[in-house]
Amino acid sequence: QDSTERLQLKREREQVIRPLRQMSERMDEHMKLRRKEYKGLSKWWQGEMQAIYFSEMTAAQQAPLDIVYGDDYLIGVDKPAGLLSEPGRYYHLQDSVLSRLRHQLPEQSFLRPVHRLDQATSGLLLFALSAGVHAALSQQFARQKVVKSYEAILSRPVDRAEGVIELSIYADPIQRPKQRVDAQRGKHSKTAFRVVKDSEFPHVE
């Protein structure tokens with residue numbers, strides 16, 4: 001009797017769940033299609049903004065960037081401080097290392113940064129010259145196979161000679177390419193620091 005009732009309950013449950021599952025599958029397909037359309041429109045829009053940016057580039061923006069390393073797979077660029085690593089969402093954020101590099105190297109059909117540096121940060125920025133190289137190097141960064149070192153001049157002294165900062169960093173969807181600390185959605189980041197030298201100058205309040 002119990003076995004018969006359980007079988008009947010399973011059948012009734014399946015009758016209720018089946019249309020919900022089918023509706024969920026249809027919505028998944030609908031979302032995939034919408035995401036594909038959005039990516040296509042976003043790519044087209046970025047291309048339009050880049051074309052306008054190229055036509056209005058100033059002499060300073062057209063000055064060649066310093067390429068410190070290059071081979072058949074990647075190039076390393078000396079990123080100046082104050083310049084974005086790649087263009088932002090809006091037109092006034094189109095000036096970037098990637099934008100200037102595309103203008104400087106029009107023969108490169110694939111040119112994509114493997115990592116990013118903050119706008120105020122100067123340093124070595126790597127660009128992949130193919131999708132395969134980009135995927136391989138991105139995995140190395142994601143698996144922390146690459147060690148990045150920074151030097152900073154601070155406006156005031158710190159209270160310890162060394163330490164570790166651990167925060168969850170999340171790309172701000174409204175102010176891209178800016179990022180913010182977000183404990184729920186951010187990716188874990190870990191930075192070890194140490195004081196190299198104490199300045200003899202008074203700190204700025």
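Predicted model: local features only at pLDDT ≥ 70, side-chain atom pairs only at ≥ 80, totals over all residues.
Helix α1 spans residues 2–55 and meets helix α3, residues 97–104, at an angle of roughly 70°. Strands β6, β5 and β7 form an open sheet of 3 strands.

**Crossing of α1 and α3**

- The axes of α1 and α3 come within 11 Å of each other and cross at roughly 70°.
- The two helices are therefore roughly perpendicular, since an angle of 65 to 115 degrees counts as such.
- The crossing of α1 and α3 is right-handed.
- On the α1 side, the contact is made by Q50, Y53 and F54.
- On the α3 side, S99, R100, R102 and H103 make the contact.
- By class, the contact between α1 and α3 has 2 nonpolar, 3 polar and 2 charged residues.

**Burial of α3**

- The buried residues of α3 are V97, L98, S99, R100 and L101.
- Of these, S99 and R100 are also named in the contact with α1.
- The cover over the buried residues of α3 includes the helices α1 and α2, the latter at residues 59–62.
- Strands in that cover include β1 (67–70), β2, β3 (112–113) and β4 (123–128).

**Sheet β6-β5-β7**

- The order of the strands in the open sheet is β6-β5-β7, and the pairing is antiparallel.
- The edge strands are β6 and β7, each of which pairs on one side only.
- Neighbouring strands of the sheet are turned by 45° against each other on average, direction ignored.
- Strand β5 (residues 162–171) is joined to β7 (residues 187–194) by 8 bridges.
- Within that pairing, L167 stands opposite S189 of β7.
- Strand β5 is joined to β6 (residues 179–181) by 3 bridges.
- Here A171 has Q179 of β6 as its bridge partner.

- Leaving aside neighbours within four places in sequence, D182 is in contact with S168 and Y170.

- From C-alpha to C-alpha, L84 and K10 are 58 Å apart in space, with a separation of 74 residues in sequence.

- Phi of Q144 is near 60°, a positive value in a residue other than glycine.
- Most residues other than glycine have a negative phi.
- Q144 is exposed, with a relative accessible area of 63%.

Methods: Residues numbered from 1 in each chain as written. Heavy atoms only, no water. Axes fitted to C-alpha atoms, helices over the stretch in contact; angles between N-to-C directions. Helix = DSSP H or I, 4+ residues; strand = E, 2+ residues; numbered from the N terminus. Parallel < 35°, antiparallel > 145°, perpendicular 65-115°, else oblique. Left-handed = near helix turned anticlockwise from the far one by under 90°. Contact = heavy atoms within 4.5 Å. Nonpolar A, V, L, I, M, F, W, Y, C, P; charged D, E, K, R; others polar. Pairing = 2+ DSSP bridges. Buried < 20%, exposed > 50% of the residue type's maximum accessible area, 1.4 Å probe, protein only.
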